[in-house]
Structure formats: C-alpha cells, structure tokens
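Please look through the sequence and the model below before reading on.

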Amino acid sequence: DAEEKYGLAWHGKRRARQLALTPSTGTLRPCPEDSVEWDTTKNLMIEGDNLEVLKLLQKSYAGKVKLIYIDPPYNTGKDFVYPDDFQDNIANYQRLTGQIDAGGLKTSSNTEASGRFHTDWLNMMYPRLKLARNLLREDGVIFVSLDDGELGNLMALFNEVFGEENFQACVSWQKRYTRSNNTIDFTTVVEHIIVYAKNEKFVVNLLDRTDEADARYSNPDNDERGPWKGASFLNPATPDQRPNLCYPIRNPKTGAVTQPSTNAWRRSESEYRNLEIDGRLYWGKDGKSPVPSIKMFLSEARGITPVNFWDHEYAGNTDDGTRDLRELFGAKVFDNPKPVQLIQRVIEHGVQPDSVVLDFFAGSGTTGHAVMAQNALRSNHSRYILVQLPEALNPDNLDQKAAADFCDQLGKPRTIAELTKERLRRAGAKVRAEWEAKQKAEAEQADLLNPAPAA
C-alpha cells in the first residue's frame, strides 16, 4: 500500500522515462541544398526521429521555446511508425499483463485495443513530452490536438509531466459543420486541443476586439470620455455573506438613500466614493434610479477573453485544411491536414511577436505555414522549428498514391518529410507574394490619399 499512489500507470512506463534520459547518438547535418535563403533564414525543418531531435535540441533551445503545437498520431488501434525499442511483442505483453497464462490461454476478455495499443501510444508520447517541457520558456505553453481515443489518458499524462495546476483549457474545435447519417452512432464533429502551461508565468493572449463587441457601448449622457456600457453595482452575494460591502448610497438628484437588501454592493464604500467623484456612476436616463450602474468606457476596455469552443468559422475545418494544401500542390496529397487558420488561432493565443514555435509532429507542415502567415498578418518575427520523420509513402496504398506520385514528380524520395519541405517552400513563396502585393496596394492607396505637391 505504501507504494500505491494516484496516477496513470502502464507497462513500459519506467523504461519510457529512462529513454528520455538516454543521450542521443545522432547529430544534425545541414542541408543547404534543400533550403531557401540558407544564409539568412531563422526557421528550421529537421528531418528525423523526433525523440532523437528533441534530445539534440536540449543544448541550444532549452528554455527558449514560447509555444509548442503538436498533432501526434491518433491511436486508431494500429501499430505506430515510432517503434521505440522498449515495445514488447504481443505475446510477451499479454503474459506480463496477465492477459494469458504460461500455457498461452486467455485469462481476461480485454481486447488488444484496450491494453496493448494504449500502452504503445503512451510509451511513444511520454519521453517526448518530458523532453518537450524542458524546451519551453518559463512562460511557455503547449497545445496538443487529439481525438476522443486518448483524451483521458493524455490529460492524466500531462498532469504528471506538467502538473495538474498548469492545465489551461480543453478546447473543442468544430472540425466539421455537417452531420453524416452514414455513421452508426454519434457523428463526430469536434476534436480536442488540450492546453498546458509550463508554470504560472504563462498568460494567454487576449483577442482583438470586434465590431460586435464594441457595438454594445453607447454614450446616452454625452460623456466627454466617449462610449461606455453599464456594469451592475449589485453583488451576487447577500448582505449576510458580504457585510463589508453594505453601506447606504444616496441618489444625488432625488436625495433618496438606499440600503442593500437582497444583494450586497459590488464595490467597497471607498471605491464607491471614488466612482462618484470621477463621474462614473449612472443613475438612469431620468437620473432617479435608486441604484446606479458603473460606467465602463470603451477607451479603457481590454481585449476579448478567449473561449474553449472554436467553431469552424473562427478556426477553420477539415475542408479548409484540404483546400490549403490543394492551393499549393494542385492535388490532394495529404489526408486530414489541419487548416492554417486553426494553427494561426493557436499562435494568436500563445506567442509574443518574436517567439520560437516548435512542432515535432510536423506532418504536412501546417504549423510552419501558419507561423509565416501570422508573421505577415501581424508584422511579427516569430520563427518555427519543425520535425518530421521520413515516413515512407506506399504508392500501392490508394490513400498514399497521390503523395507518392507527387514525390516522383519532384524527383525526391517517397516520404512525408519531402512533402513537408516542399509545402514550406511553396507556402513561404505564397505568403511573401501576398504580403508584397498588400504592401504595394497600401502604398498606392496612400499616394492617392496624399498626392505629392505639384512642382
């Protein structure tokens, strides 16, 4: 009993922890021939096993990454492309976990998917998260996309590696906006993005104010400080619960004095006096309300607090992700890519203007594309580090044939990493062209509005 404690346990956990501590025997080899603007770029795309790369990054990038976004392989009950050497064969695993006896007879009704594949997935994720946390700045944050299959396990794993107190949100992203009547049970229209900070120093960025939000402000009394909206002076607590917020207030027009009855006041008496002196109390259109509201001026309003539901209009959907790639490649070469708009929202919530963004499950390279697009949109100078395994593409597989054929057209090896590199090259050129066109249009508009004086 003394050894038992609350937490997530699985076969291979100890060895997975040790794997994170084992030094890498690899090295990073520069590839200027595959690069764009090799001498000046600050972005990195690294082709290799992400566990080894995370170890190699420790020396140069420990404590320097502001945001990590990853979209790891979802656990679909199949073996992973990351066969770390601590994984056991199925027969040995079943013996060790008591699913079969020494004679090979089953002792439980558990299916493979309920045990072995959860174990494989957790053993794959655990050392990578341990190493990833070391790379984050003290105010850093990690966003992870996943489906329902491992949500509970991954959050338990994050609670152990990052600490439950550093949980920020579990965002529901509306990846689809239509239902399918071909499904037997529920149609899945959302996926999840869990968010954990490295520690309490992380503060999520507020979002830009919208016209809709600003439209709630008006100026019925022509206050020279501009539009405002009223906030209630009433506290949800009762006078018995907050006796320190109970005192008489007096309407300056009618002279009527009001004591709190069912609700205490929201502000202390000293704060009330300051609001009164500063003209921040509004006693109604006729000035006779017994309880005022508090003027909250638009000029002093903060940004908008983010929420944990991102609809498809706000953050894109899977169709948008396919469209983003088709615009670059002219064909569908990747299954279920995340939309650039989604990762831009992640970046918007978590980075500063000059930040390092890491994605060690780069896939098609959406994160790099999003960093470049967000830099152009916000005049930021953030840079990315992407890591992708050179996972082979099989032209005999219908789902991979288009991608494999595209690599053949490029004269490159049939791997996902080659698609990642080509996507980054094309996305960079596209973002730059759009940015230059925008700059030119703005300059021409400025010339029209401010013509040069005649000679």
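A residue is called buried when its relative accessible area is under 20%, exposed when it is over 50%, and partly exposed in between, with a 1.4 Å probe and protein chains only. Glu 191, which has its place in strand β5 (residues 190-197), is buried because its relative accessible area is 9%. This is a predicted model, in which local features need pLDDT of at least 70 and side-chain atom pairs count only at pLDDT 80 or more, while totals for chains, interfaces and linings use all residues. Residues are numbered from 1 along each chain as its sequence is written, and side-chain values use heavy atoms, with hydrogens and water left out.

Of the 455 residues of the protein, 41% count as buried, and the protein contains 13 helices and 13 strands; these are DSSP runs numbered from the N terminus, with helices being H or I of at least four residues and strands being E of at least two. Taking a contact to mean heavy atoms within 4.5 Å, residues 24 or more positions apart account for 75% of the contacts with a separation of 6 or more.

The surroundings of Glu 191 can be followed in these terms. Not counting residues up to four places away in sequence, Glu 191 touches Tyr 74, Leu 146, Val 171, Ser 172, Trp 173, Lys 175 and Lys 338. The side chains of Glu 191 and Lys 175 are joined by a polar contact of 3.2 Å, a polar contact being a pair of N or O atoms within 3.5 Å, of which, within protein, one must be able to donate a hydrogen and the other to accept it, and for which residues adjacent in sequence count only if both atoms are side-chain atoms.

Strand β5 belongs to an open sheet of eight strands with mixed pairing, in the order β1-β13-β12-β2-β3-β5-β4-β11, where two strands pair if DSSP finds at least two bridges between them. The edge strands, each pairing on one side only, are β1 (44-47) and β11 (309-310). Within this sheet, strand β2 (residues 65-70) runs parallel to β3 and is joined to β3 by five bridges, with Val 65 standing opposite Leu 136 in β3. Helix α11 (residues 366-378) packs on the sheet and touches β2, β12 (356-359) and β13 (383-388).

Strand β3 (residues 136-146) also holds Glu 138, which counts as partly exposed because its relative accessibility is 41%. Glu 138 and Lys 198 are 60 residues apart in sequence, yet their C-alpha atoms are 6.2 Å apart in space. The side chain of Glu 138 makes a polar contact of 3.4 Å with that of Lys 198 and another, of 2.7 Å, with the side chain of Asn 199.

A further open sheet has three strands in the order β6-β10-β9, with antiparallel pairing; its edge strands, each pairing on one side only, are β6 (228-232) and β9 (281-282). Five bridges join β6 to strand β10 (residues 293-297), and the bridge partner of Trp 228 in β10 is Phe 297.

Helix α9 (residues 318-329) and helix α13 (residues 416-449) pack at an angle of about 80°, with their axes 10 Å apart; axes are lines fitted to C-alpha atoms, for helices over the stretch in contact, and angles run from 0 to 180 degrees between N-to-C directions. The two helices α9 and α13 are therefore roughly perpendicular to each other, a term for angles of 65 to 115 degrees, whereas those under 35 count as roughly parallel, those over 145 as roughly antiparallel and the rest as oblique.
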